[in-house]
Amino acid sequence: MSLTNFSAGVPPSPAGLPVKKVTVPALAEMKRQSMPISALTAYDYATARLIDEAGIDFILVGDSLAMVVLGHENTLAVTMDEMLHHTRAVRRAVRRALVVADMPYGSYHGAIAEGVANAVRFIKEAGAEAVKIEGTRIELVRALSDAEVPVIGHLGLTPQSVHRMGGYRVQARTAETVRRLQSDARALAEAGAGAIVLEGVPREVAEVITAELAIPTIGIGAGPGCDGQILVFHDLVGLTFAPPAKFVRRYADLGSAIRSAVEHYRDDVEHRAFPSDEESYHLGEAARQALASLPAPSTDFDSDDEVVNRDSLPDWTN
Ligand code: KIV
């Protein structure tokens, strides 16, 4: 490949300026330069595009898709096909941020070769630039690195282990479990992980792990000492239906904004206040005159014409 073609796949920004793409090695460079890494989840074109244009560094097509978009109780049910479908939509929207696909439960828990094959599908078929896997799967991380698939690890509270953990609980609260988490993080880094998401661990533990790793840590419910922070987009903007977790900061209440916009629209339709004349198309003068000179339509219906009896329609307002 010619180096002059190197950035050909990256469209320019709206201002026509070249975009400096965020990559997995760029995240490590940000850590070296003590630049905080911002990350958010996204699952569709519109929100991914807004998030990218807002300058977020790393977009995760999280398996939280199962809960916040598809309405499942936990993350376990989401499939490879669903994750691929949403990763493609995000990929089409993003120019600058790193696009990471979350590998769904069951797609990397069996044979190593199957995990690698599924990860390669995210790169080849959906345009992801890295995959994220939960837990300490050292052999798989090595195999993915050998297959040129950048990997982000995920330790601490790993939602795909909800049944084993007996619920969503803060992890690494005892000296022994802290030491295990430290050694898991070291092992992942040594095996080739490009970054590690630390979820649901005490801030002091995240600080120690962050200090000893050369690769970045991205925290969620892990305090301010990580190299970066990630949140679920729907939590950030108030598009969820349960009280948020302690670590969530709500920056907007889109739930209320959407509800009120939709109620306003319904009200306008019911009162014939939408659409207005300005929101309607008009005939030109000549067509209007031609229409006016046409004979009035007959009000006699052929017996064959189908007439809808509105009284027979069900009453949906009750
Ligand atoms: O699926 C997800 O949203 C995640 C988080 C790290 C936010 O894994």
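A polar contact here is a pair of N or O atoms within 3.5 Å; within protein, one of the two must be able to donate a hydrogen and the other to accept it, and residues adjacent in sequence count only if both atoms are side-chain atoms. With that in hand, K31 is a handy place to start. The backbone oxygen of I215 sits 3.2 Å from a polar atom of the K31 side chain, and the K31 side chain also gets to the backbone oxygen of L213, at 2.9 Å.

Before going on, a word on the model itself. The structure is a predicted model, in which local features need pLDDT of at least 70 and side-chain atom pairs count only at pLDDT 80 or more, while totals for chains, interfaces and linings use all residues. Residues are numbered from 1 along each chain as its sequence is written, and side-chain values use heavy atoms, with hydrogens and water left out.

As for the overall make-up, the chain has twelve helices and eight strands (DSSP runs numbered from the N terminus, H or I of at least four residues for helices and E of at least two for strands). Of its 318 residues, 40% are buried, meaning under 20% relative accessible area, with exposed being over 50% and partly exposed in between (1.4 Å probe, protein chains only). Taking contacts (heavy atoms within 4.5 Å) between residues at least 6 apart in sequence, 57% join residues at least 24 apart.

Back to K31, which belongs to helix 1 (residues 24-32). K31 counts as buried because its relative accessibility is 14%. Setting aside neighbours within four places in sequence, K31 is in contact with T210, L213, A214, I215, P216 and D227. Not counting residues up to four places away in sequence, D227 touches K31, M35, P36, I37, T210, I215, P216 and T217. Its side chain reaches the backbone nitrogen of T217 at 2.9 Å. D227 and E207 are 20 residues apart in sequence, and their C-alpha atoms are 9.2 Å apart in space.

Next comes the ligand. A polar side-chain atom of S64 comes to 2.5 Å from a ligand oxygen. For D102 the corresponding distance to a ligand oxygen is 3.1 Å, and for an N or O atom in the side chain of K132 it is 3.1 Å.

K132 itself is found in strand 4 (residues 130-132). With a relative accessible area of 2%, K132 is buried. Its side chain makes a polar contact with that of H154, at 2.6 Å. Leaving out neighbours within four places in sequence, the contacts of K132 include L60, D102, H154 and V197.

Finally, there is a helix pair to look at. Helix 4 (residues 80-93) and helix 5 (residues 112-126) pack at about 35 degrees, with axes 9 Å apart; axes are lines fitted to C-alpha atoms, for helices over the stretch in contact, and angles run from 0 to 180 degrees between N-to-C directions. On the helix 4 side, M80, D81, M83, L84, T87, R88 and R91 meet N118, R121, F122, E125 and A126 of helix 5.
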